[in-house]
Each structure stands twice: as structure tokens, then as C-alpha cells.
Amino acid sequence: MKTITTTEDLAAFCKEAAQFDYVTVDTEFLRERTYYSQLCLIQLAMPGETDDNAVLVDPLSDGLDLAPLYDLFRDTSVVKVFHAARQDLEIFFVDAGVIPQPLFDTQIAAMVCGFGEQVGYETLVKRIAKQQLDKSSRFTDWSRRPLTEAQKKYALADVTHLRRIYEYLADKLKKQKREPWVEEELGILTSPDTYIARPEDAWKRIRTRTASPKFLAIVKTLAEFREFYAQSNNIPRNRVFKDDALTELASTKPKDMKDLSRSRLLLREARKGDIAEGILAAVQAGLDMDPDDMPQPDRTNDKLQVDPALADLLRVLLKAKADGAGVAPRLIAATSELDALSAGKRDVPALQGWRKEVFGTDALKLCDGKVGLAARKGKVDIIEL
């Protein structure tokens, strides 16, 4: 197996790959000790039945420039095939602002083709490529050099079997005329906003039990400080302070170092220096925030009058429709959407795009009393009323 360590060799491979319809891609990275993923290895494979058309690219090699790879990513004549692409794409976007186009994600395609929810690569290898994966190297340190032969073999398998999986799924999608479904699902993955972490929005990820605007204001300023500090120092946000410590600080509102020392959940490193000063400043900023600027709790669902019987019927309909279409139910609609539909809401994803075609139209008829459901010979039938 070939390992590319020079820009010249990478350019030669990418030039050859550009002659094909697709190339499969995967990465190995570390993120346990950093905010941003540390790219340790890139695996690439052109179409073929052997490992001869597959390579490992070592981004840790001195002087290696990934520009030829990014040019290939921009080449719209070549489909870039990933499995569960989100973290891989984040690495490339953060590094060079590049999102491969066009993109194909075999995990998304597999869900559309009826392989279940969040189906893993190993499962697809077994079911489509009829092969077994050696996963013993999954949790090894990919930043250490030299890589072992076992690591190289494991890494290469992530793109060689992917060729067969892609060809199978692409053919099935074409026959089922579901290619537009996958394109809809890829919209989030190909949007730059997916990979931009804005400190001012970090508070939205924090789970709280208190909906007080004053409390949420402090949560917002603390989360913003933590995100900015983690990004600036390239450390995991939990290494600054964890979510439970953040909500504790928002409740206790420390005013000085003495107050800070009483925290039960704050890491020792956060009780002094830049982090401690940042915490105190963030708490004060939250306390001083103009009421008009304070975050407001999301009360959109507070007044929903969920119809339990109708919600249950919608679940039955969803299961029947998903089974009939060979699609994972959760890909069509979440439980919260069914509750919202039963309460009269109509601005839900289940009523848009391909989901409306598969489920949404009949769901609306059920909500409006235009159809009923009947169980016959182990199947659910829709009956016009």
C-alpha cells in the first residue's frame, strides 16, 4: 500500500483521480485534547477492485501541501464519496474553507434505501461488500509515526470497500428514483453554516432547567466566553469548564475570586488566571445585559395542545409509510413533529420535500379526518372517509 508524503505525489494521484467519475475519501484524526480536530491521515481510492488504486496521504509529513486534494474537491466532475461525512468535512472546511462538491454520503443514502437509522460502515461492508472489517486499530493514536501495518490496513479498508458500497447504493437510488431525496438530506452537510461555531450562539447548546431571562443572560455570556477561549487556545470546551459548572456559575453569580473558590464543579485550573478572570467578567456582563438583549426561552411548544390519540395514529401511519417505502421512520419525522402535527402545527419538516410525498400528505388527511387506518392481515391500510 502506498503512502503519499510529498505534494508532487499527491498532485499526481489527484490528477489521475480526476479522470474517474468518483473518488472515495476518509480521514483519521484526533480531537480528545484539542478544540479543532487534528488531521492525522487521509485515505483516498479511485474505482477498481484492488488496493492498487488506493493511497494513504500523510498530512503530518513535512512540506506536504494539501492544495492538489482541495482542487480535486472543487472539481464538480468527480463525486466525492464519504461515509458519515460531517466530521471529515468540518476538518477540510476549517483548514481551507473547502466543502467537496458534488458530495455523496453513504450513511445518508443507506437510510434512504432502507438500511436503518445511522447505519454504520461496518454493517454496510458486511451486507453489501460481503466482507469483514478488522476494527482492532480503531482507537489507536493516529498521530504517532511510523504507522503500523495494521493501522494502514485498517485505514485503507475504509475507502476500498466504500467503492462497492457507493456503486450499489447509487444504483439502487437511481432505480428507485430517490436521488433527489439524498440531495435534500445533503443540504445541511454542504452548508458552511454547519461548520461555523459562533461563540455568541454557544449558549443554545446548554440544557437548563431555568427559563429566567436573567439566568439565561449569564448562561449566554459564560458560554460565549468559554467558546471563544476554547477556540483561541485550541482546547476542548470541557477543559475550560463543563456544562454543569457553567449552569452552577449562572446560579451562584460569583463576584470575586473568593466566590469562585466556593464552586463545587469548577475545575481547579479554572479558579485562577485568565479563565477565572474571564468567568467573573462574563457573569458581570450577563448581570449588566440590557433586558431587551437577554435571551428569551423558547416557548413555541408551551401552548401546544397535543391530541394523544391523534399522535398515536400518526405514529402508526409513520411506521406503515416508512415500512412501505423502505426508509427509516426517524429519517421521515421525529416524535416531536408528530406531536406538533396533532396539535395543529404545519411548519414541520415532515410536510416538506420528499417527506411530504412519502408521509406528509396522508398525515394531513389523517389530521383533517379525511382518512382512517385499518389493520388487515398484518398491514395497515389507509381508508378514505
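Ground rules. This is a predicted model, where local features need pLDDT of at least 70 and side-chain atom pairs count only at pLDDT 80 or more, while totals for chains, interfaces and linings use all residues. Residues are numbered from 1 along each chain as its sequence is written, and side-chain values use heavy atoms, with hydrogens and water left out.

**Overview**

I looked at the whole chain before any residue. The C-alpha trace spans about 70 × 65 × 35 Å along its principal axes. I find 16 helices and eight strands in the chain; these are DSSP runs numbered from the N terminus, helices being H or I with at least four residues and strands E with at least two. The domain assignment gives domain 1 (2-195), domain 2 (199-293) and domain 3 (308-384), and such bounds come from an automatic or database assignment. The centres of domain 2 and domain 3, taken over C-alpha atoms, are 42 Å apart.

Of the 385 residues, 46% count as buried. I also checked contacts, meaning heavy atoms within 4.5 Å. Among the contacts with a separation of 6 or more, 63% are between residues 24 or more positions apart.

**Salt bridges**

How many salt bridges does a search of the whole structure find? It finds 22, a salt bridge being a side-chain nitrogen of Lys or Arg within 4 Å of a carboxyl oxygen of Asp or Glu. I followed up several.

Asp58 and Arg145 meet at 2.8 Å, N to O. The pair links distant parts of the chain: Asp58 is in the loop between strand S4 (54-57) and helix H2 (67-74), and Arg145 is in the loop between helix H5 (121-129) and helix H6 (149-176), 87 residues apart. Asp58 is buried, at 9% relative accessibility.

Next, Arg205 and Glu227, whose closest N and O atoms are 2.9 Å apart in a salt bridge. Arg205 sits in the loop between helix H7 (179-189) and helix H8 (213-233), and Glu227 in helix H8, 22 residues apart. Is each partner buried or exposed? Arg205 is partly exposed at 44%, and Glu227 is buried at 1%.

Then Asp362 and Lys321, with closest N and O atoms 2.6 Å apart in a salt bridge. Asp362 lies in helix H16 (residues 353-367) and Lys321 in helix H13 (residues 308-325), so this bridge ties together parts 41 residues apart in sequence. Asp362 is buried at 16%, and Lys321 is partly exposed at 22%.

I also noted a network of salt bridges linking Arg31, Arg86 and Glu90.

**A buried Asp with no salt bridge**

Asp158 is buried but has no salt bridge, and the nearest side chain of opposite charge is Lys135, 4.4 Å away. Leaving out residues up to four places away in sequence, Asp158 touches Asp26, Glu28, Gln43, Tyr121 and Lys135.

**Helix H3**

Which residues of helix H3 (residues 86-96) are buried? I get Asp88, Leu89, Glu90, Ile91, Phe92 and Phe93. Their cover includes strand S2 (22-30), strand S3 (38-45), H2, strand S5 (79-82), strand S6 (103-105) and H7. After H3 comes Gly97, with a positive phi near 70 degrees.

**Thr247**

Thr247 is in helix H10 (residues 243-252). Beyond residues up to four places away in sequence, Thr247 touches Ile206, Arg207, Thr208 and Phe215.

Most residues other than glycine have a negative phi, and most peptide bonds are trans.

- The bond from Gln101 to Pro102 is cis, with omega near -15 degrees; Pro102 is in the loop between H3 and S6.
- The bond from Arg145 to Pro146 is cis too, with omega near 5 degrees; Pro146 is in the loop between H5 and H6.
- Ala84 has a positive phi near 50 degrees; Ala84 lies in the loop between S5 and H3 and is partly exposed at 33%.
- Lys130 is not a glycine, yet has a positive phi of about 60 degrees; Lys130 is in the loop between H5 and H6 and is exposed at 64%.

Conventions
Buried < 20%, exposed > 50% of the residue type's maximum accessible area, 1.4 Å probe, protein only. Lys, Arg positive; Asp, Glu negative; His and termini not counted.
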